[in-house]
Amino acid sequence: MLEVVKNNDLTLAIILKRNFNKNGIEFFTPQNYSQQLGYMKRDKNYIIKPHIHKKITRQVNNTNEVLFLKSGKVRIDFYDESKKYIESRILVKGDIILLATGGHGFKMLEKSEIIEVKQGPYNSKTDKQIFEKIDETKIKIKNEKL
């Protein structure tokens, strides 16, 4: 399953659930995203020709993150650009999420391992702004059926 989390017309995240399955290759992000998320399923002996990625200067205006939930269970809380809470989702082992815009916070619902990929160079002191999280009593989980 693939889910695009939106606030109005703005994509906050793309979630690739652990049970997604499709032959071939598909990219879920628009070409203009500074971080690309795709899925590939190929048969045995399929060949991807050797290649080099050319050095190209790109301008990155915001940091996208891709998180791979290696183990555990995590709640992700989504916020808009003005730090207003929107809604939450639950991620479980094997799920992948690309965080595109807006704000986000996490609560580990179980002991969890997460692998994170984002653009660099990255300076945690200057590249992000911390703000108050939503009150736990106001959490709205959109996908409780796992």
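Predicted model: local features only at pLDDT ≥ 70, side-chain atom pairs only at ≥ 80, totals over all residues.

Student: Let's start with charges. Why is the contact between K22 and E26 called a salt bridge?

Tutor: The rule asks for a side-chain nitrogen of Lys or Arg within 4 Å of a carboxyl oxygen of Asp or Glu. For K22 and E26 the N to O distance is 2.6 Å, so the pair passes the 4 Å cut-off. As background, side chains of opposite charge can pair when their charged atoms come close.

Student: And what makes K22 and E26 "partly exposed"?

Tutor: Buried means under 20% relative accessible area and exposed means over 50%. K22 has 37% and E26 has 25%, so both fall in between and count as partly exposed.

Student: How far apart are the closest N and O atoms of K118 and E65?

Tutor: They are 4.0 Å apart, and the pair is listed as a salt bridge. These two link distant parts of the chain, 53 residues apart: K118 belongs to strand β10 and E65 to strand β5, residues 65–71.

Student: Are K118 and E65 buried or partly exposed?

Tutor: One of each. K118 has 29% relative accessible area, so the label is partly exposed, as buried needs under 20%. E65 has 13%, so E65 is under the 20% cut-off and counts as buried.

Student: What about R89 and E87, buried or exposed?

Tutor: R89 has a relative accessible area of 2% and E87 has 13%, so both are buried under the 20% rule. The two form a salt bridge, with the closest N and O atoms 2.6 Å apart.

Student: How many salt bridges does the rule give?

Tutor: The count is 11. Some are joined up: R75, D77, K107, K133 and E136 are linked in a network of salt bridges.

Student: Which residues line the largest cavity?

Tutor: L67, F68, L69, V74, L91, D95, I97, F106 and I114 do. Strand β5 gives the most, three residues.

Student: How do you know how many of those lining residues are nonpolar?

Tutor: By sorting them into classes. Leu, Val, Ile and Phe count as nonpolar and Asp as charged, so the lining has eight nonpolar residues, no polar ones and one charged.

Student: And how much space lies in the largest pocket?

Tutor: About 880 Å³. The pocket has 31 lining residues, and G102, G103, H104, K128 and Q129 lie nearest its centre. Two or more lining residues come from each of β6 (73–79), β9 (103–108) and β10 (113–118). The largest share, five residues, is from β9. By class, the lining of the largest pocket has seven nonpolar, 10 polar and 14 charged residues.

Student: What classes line the second largest pocket?

Tutor: Three nonpolar, eight polar and one charged. Among the lining residues are N32, Y33, R58 and T101, and the space in that pocket is about 290 Å³.

Student: Last topic, sheets. How do you know that β6 and β9 pair?

Tutor: Two strands pair if there are at least two bridges between them. β6 and β9 have six, in the antiparallel sense, so they qualify. Y79 stands opposite G103 in β9. These strands sit in an open sheet of three, in the order β7-β6-β9, with antiparallel pairing.

Student: Why is β9 called an edge strand there?

Tutor: An edge strand pairs on one side only, and that holds for β7 (85–92) and β9.

Student: Which strands make up the five-stranded sheet?

Tutor: The order is β1-β2-β8-β5-β10, an open sheet with antiparallel pairing. Its edge strands are β1 (2–7) and β10. Inside it, β5 and β8 (residues 96–99) share four antiparallel bridges, so they meet the requirement of at least two. F68 has I96 in β8 as its bridge partner.

Notes. Residues numbered from 1 in each chain as written. Heavy atoms only, no water. 1 Å grid on protein atoms, 1.4 Å probe; cavity = no way out; pocket = protein on both sides within 12 Å on 5 of 7 lines; lining within 4 Å. Points joined across faces, edges and corners; volume = space filled by probe spheres on them. Buried < 20%, exposed > 50% of the residue type's maximum accessible area, 1.4 Å probe, protein only.
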